[in-house]
Amino acid sequence: MRFNDVSFPHPVLGVGDAINSTIGFSPEPEILSEGNSYAISVMCEHNNPDIERLLQMGVVEYYCEATCSNTLFRDCFKSDNNQIKFEIEKKLVKGKVSFTCLIVAKTSIANYSNSLSHPDYEGYNFDIEPGDVLAFFGKFEFDADIKYEKLKAVSTFMEVVENKDPNAIFTNYDFSKSKIEVQLPTQEYMIFANESISKETKFAPIFHSSIVQNALVSALYNFEANKDCLWAKVIDYRLRNEKQFASLSINENEDIPEIAQKLLGNPFKRLISELQVIVEQPNETEDY
Amino acid sequence: MFQLKKNIEDGTSVELYRSNEFIYDKKETLMMPNIRKPENLSLRLNVQSDFESAIQLYEAFKNLEPIQASDERLWTYLSHVDLYPYMIKRWNSAYLGTAKDSRSYIFDHWFLKSTIHSELLRHALSGLWWAVFLSVDETRGDKYELTEILFRQLDFPTRTLGSYNLGRHKEAVIGILDFIKENEGLFKNAFEDKTRYITKHLNLIGGVKPISYYGRQFFKNELQKISTNIAALY
């Protein structure tokens, strides 16, 4: 559906200045990942008395349409009150899931008019049919590929893989995949893949401040060209939703080293702290 | 898959599609849990009938979840391995070497360009599966009765309905197909023009009405209102 001034034959609250009232979400819609499904809760707010009266009469209802182009998913959820709550099974959606929230007519409404509509509508009444839109709260979306509960894990946007080119000597970065790929030459990868190295938690600050930080800074400089990749979407979500990034911009090159360090939880500080721990650890062999 | 696409782009793998068996590196494939390989499916597909092939493919994979059925890797694997013999007969221009541009022909038929719904409905195999998914009606004696109408012309599921958002609302698809079935006389000629016209008309309605709100009867009623206009197309 397109929501602009010329889309609808009748005045729709929330579309241009068709009706002089406020409308929106308050608070912002909540999407929670819970087991095998996403739980969505939307609070719709408006202050239009005529539409409120229709709600009280039970001739209109709150309505949320959910679509996912990647799985041909399309469903709608209705509510008689301003909170629309529903669940979507995870197996039904992939990638971008979009929502449109409305108030729609449940029954035919003859001679509809709104006392706060734009003067252009003055003197006109409209016959509303079931399903016709009377109010538009807005649209929102989320990305079902993003593991929101694990956003801060480096593994959501980067992975270390083997460079299968037998002639490779240096480490290569590939930003075109769903995750930033750090491609280690085979020999180095075999050593890295050993669990006593790659899974050793005390090495994490070392990897983060070397391999990961370097790859991430390079990736951020190439952010725009790869913005459709999942890794970029994950980072973009964090940049838009975490206060620590409020004063920084991905478009400003001088901000990128700081953005990278914040995304990784200050890896250099963690490295220095870890080195200090290693140095100050008693060397047991000296006791004998 | 990434490497294969790269090799097709630079032309080094195009020749592989002229072989009776597609040569691939088995180490580069992944197991998909909960998906069983159907026996001899390739032999059951009919290159002369997309409708029959679609039913066979859907029946073989009827337990696929939407998230699995929109996985590019599944359809790429099937088109290159299990169903390769069917593919080179149904879409034979690369195999015969008669395609104007073999590289784009291979990309068009063997790979999904993306997993947006219009592409899912266009791919040589996923398009068959999704077209059945959208038109199968379990409430009927013959649940594939409407699917057969959808496949009367391949453009109808792939390009006409498939290119509109309307095409991903099952109730709309069933409503349209049921209207055609109940008004066969109206669609005796100019089937392609008429199906394009009705799809476009309903899509315009979808511009101002929330399509998901409505059941199949709404779409049938809307088409009934324009039946004179439909009849005028010939």
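Reader: Where in chain A does Pro27(A) lie?
Author: This is a predicted model, in which local features need pLDDT of at least 70, side-chain atom pairs count only at pLDDT 80 or more, and totals for chains, interfaces and linings use all residues; side-chain values use heavy atoms, leaving out hydrogens and water. Residues are numbered from 1 along each chain as its sequence is written, while chains are lettered from A and ligands numbered from 1 in the order in which they are written. Helices (H or I, at least four residues) and strands (E, at least two) are DSSP runs, numbered from the N terminus. Pro27(A) lies in the loop of chain A between strand S1 (23-25) and S2.

Reader: Is the peptide bond from Ser26(A) to Pro27(A) cis or trans?
Author: Omega of this bond is near -5°.

Reader: What is phi of Leu72(A)?
Author: Leu72(A) lies in the loop between S4 and S5 of chain A. Its phi is positive, in a residue other than glycine, and is near 55°.

Reader: Which residues of chain A lose the most area to chain B?
Author: Chain A brings 36 residues and chain B 27 residues to the contact (heavy atoms within 4.5 Å). The area buried between them (accessible area, 1.4 Å probe, lost on being put together and summed over both) is about 2,400 Å², with 52% from carbon and sulfur atoms. Three residues of chain A together give 29% of what that side buries: Leu72(A), Arg74(A) and Lys91(A).

Reader: Which side chain meets Lys91(A) in a salt bridge?
Author: Three salt bridges (a side-chain nitrogen of Lys or Arg within 4 Å of a carboxyl oxygen of Asp or Glu) join chain A and chain B. In one of them, at 3.3 Å from N to O, the partner of Lys91(A) is Glu65(B).

Reader: How many residues of the side of chain A that touches chain B are charged?
Author: Strand S4 (60-68), strand S5 (73-79) and strand S7 (96-105) of chain A each supply at least two residues of that side. The side divides into 14 nonpolar (Ala, Val, Leu, Ile, Met, Phe, Trp, Tyr, Cys and Pro), seven polar (the others, Gly among them) and, counting Asp, Glu, Lys and Arg as charged, 15.

Reader: Which element gives the largest share of the lining of the second largest pocket?
Author: On a 1 Å grid over the protein atoms alone, a pocket is an open set of points with protein on both sides within 12 Å along at least five of seven lines, a cavity is a set where a 1.4 Å probe fits but cannot get out, and lining residues have an atom within 4 Å of a point. The second largest pocket is lined by 21 residues. Strand S2 (30-34), strand S10 (133-143) and helix H5 (230-241) of chain A each give two or more. The largest share, six residues, comes from H5(A).

Reader: What volume has the largest cavity?
Author: The lining of the largest cavity includes Leu121(B), Leu134(B) and Val173(B), and has seven nonpolar, two polar and no charged residues. Taking volume as the space filled by probe spheres set on grid points joined across faces, edges and corners, the largest cavity has about 50 Å³.

Methods
Buried area = accessible area lost by both parts, 1.4 Å probe.
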